[in-house]
Amino acid sequence: MDLRLSRERQARLDLVEGLKVYIAGQIMPSLRQEFENWCDAENPNESKLRDSKFMQEKFGPDPLYQTSRGLQRLSQEAMWREVIFGLDERKTEIEKQLDSDYQDPGSLTLNSNLPMPDYYENNEFHLQPGNFHKNTIAGPIYEVGVATYTMHRYGKAGDEMGRALVSVLPDQPFKRVLYMGCGPAYKSYPIMNALPDAEHWGIDLAAPMLKYARHRAVENGKPMHFSQMNAEDMDFPDGHFDLVFCMLLLHEVPTKAVTNIVNEAARVLAPGGVLANLELPSYDSLDPLSAFLMDWDTEHNGEPYWRDYHEMDLIQAYQDAGLKAKMTEAHSEWGGAKGNYMGKFRYHVTIGHKP
Amino acid sequence: MSVSPEIDYFEAVSKSDMMRVVLALATEIYAMRDRQKLLEDILAKNGADLSRLDEPVEAATYDEYRLAERDEFVARVFAAMASPTPSG
């Protein structure tokens, strides 16, 4: 599906992306310099710098901090507005394509009776209007929006995270693979490429995402099976998969749901199987300013469970589910990008083996 | 009508809302500017193929010229935000 916008509407979106680039490349370095100057002058101890209340009191009134946060929020709102404005021009045509009846390998199973969890129903993740399930073209909106949100640093294919995950997966023969919270699923293509003989499945709560995922998979020759399910309570039998993975899913759900998902993943794993969860780095692995700025997303970027996720003990959750767990790191091309206010970082991947 | 600098007519107005207006305005101007440039290009070549205005395009990220134009425009419009002064 051609997701390019008409020239005028792309120009509107380009402007918004340009503002995000400006925030990251001009405003954030100034804020960091101000922070470092203050640290040099005051020499505050590490525990103070890790105290978000203290940091908020210190930087909350700061004009540069307010500017960075205010523009970040407004650019995110404007981004979705312009993406939707751009794609709505072709909405009927896109909907028709998404309703295609494919004969290609793979499948799509929707469940219109699947209840949406309370934490999902009315949240707008990353401020995407209508969330992932209330707009028929939420999938294309997500893909164009995320590319802009990340200033195109995931690459044209948008699959940088999948490449990172592949690089740390254990070298063992995975025959059946499940991607939980797959969304449009393109991030998993590197995993499909690395495991061409495996049977690949993707589940998600949102029917519009799955319809787009199926369309995109067919277009890209990816024989993936998609099913509308809740990862907390899947329809698959015990021991069905050799590899279960997710990327940036667990920070979007409450800690109780994280526990449920880990338990459910452990249930559907066969003995010897692997659960892999790729996430952004934990606060304590980042410098204090980056951690403080990331934490801001909890209240201001549609990430209500972001802080709770970073404060929970995921390794313990894995162990409680009967998995032997360890945390490893994966290279992030995005994390090394110039102007990224988090500086260089590596993805955190929690790997669990089912005995 | 004289200007009364001591009166802030917008004192109680959300600065975030004002910034929403600024951003919306910048978006409109940028889109018009971009369109204008393209029209000028077309006219300069004495062609009248205006269908180009509606053609789908890649993001400016993938077009060196448009990317440079965009970043220069954003830097000029938002220059005041790089070192903002306290209100009041």
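So, the expected span of a helix here is 1.5 Å times one less than its number of residues. What you see is a predicted model.

Okay, the overall picture. Chain A has 14 helices and nine strands. Its radius of gyration is 20 Å, close to the 20 Å the globule rule gives for 355 residues, so chain A is as compact as a globular protein of that length. The C-alpha trace spans about 65 × 55 × 35 Å along its principal axes. Buried residues account for 46% of the 355. And if you take contacts between residues at least 6 apart in sequence, 79% of them join residues at least 24 apart.

Now let's zoom in on one helix, H10, residues 207-219 of chain A. With 13 residues, H10 should span 18 Å, and its end C-alpha atoms sit 18 Å apart, which agrees.

Is H10(A) mostly covered or mostly uncovered? Mostly covered: eleven of its 13 residues are buried.

One last thing to look at: just after H10(A), A:Gly221 takes a positive phi of about 65°.

Conventions. Residues numbered from 1 in each chain as written. Chains lettered and ligands numbered in written order. Predicted model: local features only at pLDDT ≥ 70, side-chain atom pairs only at ≥ 80, totals over all residues. Helix = DSSP H or I, 4+ residues; strand = E, 2+ residues; numbered from the N terminus. Rg over C-alpha atoms; globule rule 2.2 N^0.38 Å. Buried ≥ 20, exposed ≤ 12 C-beta atoms within 10 Å, placed from the backbone. Contact = placed C-beta atoms within 7 Å.
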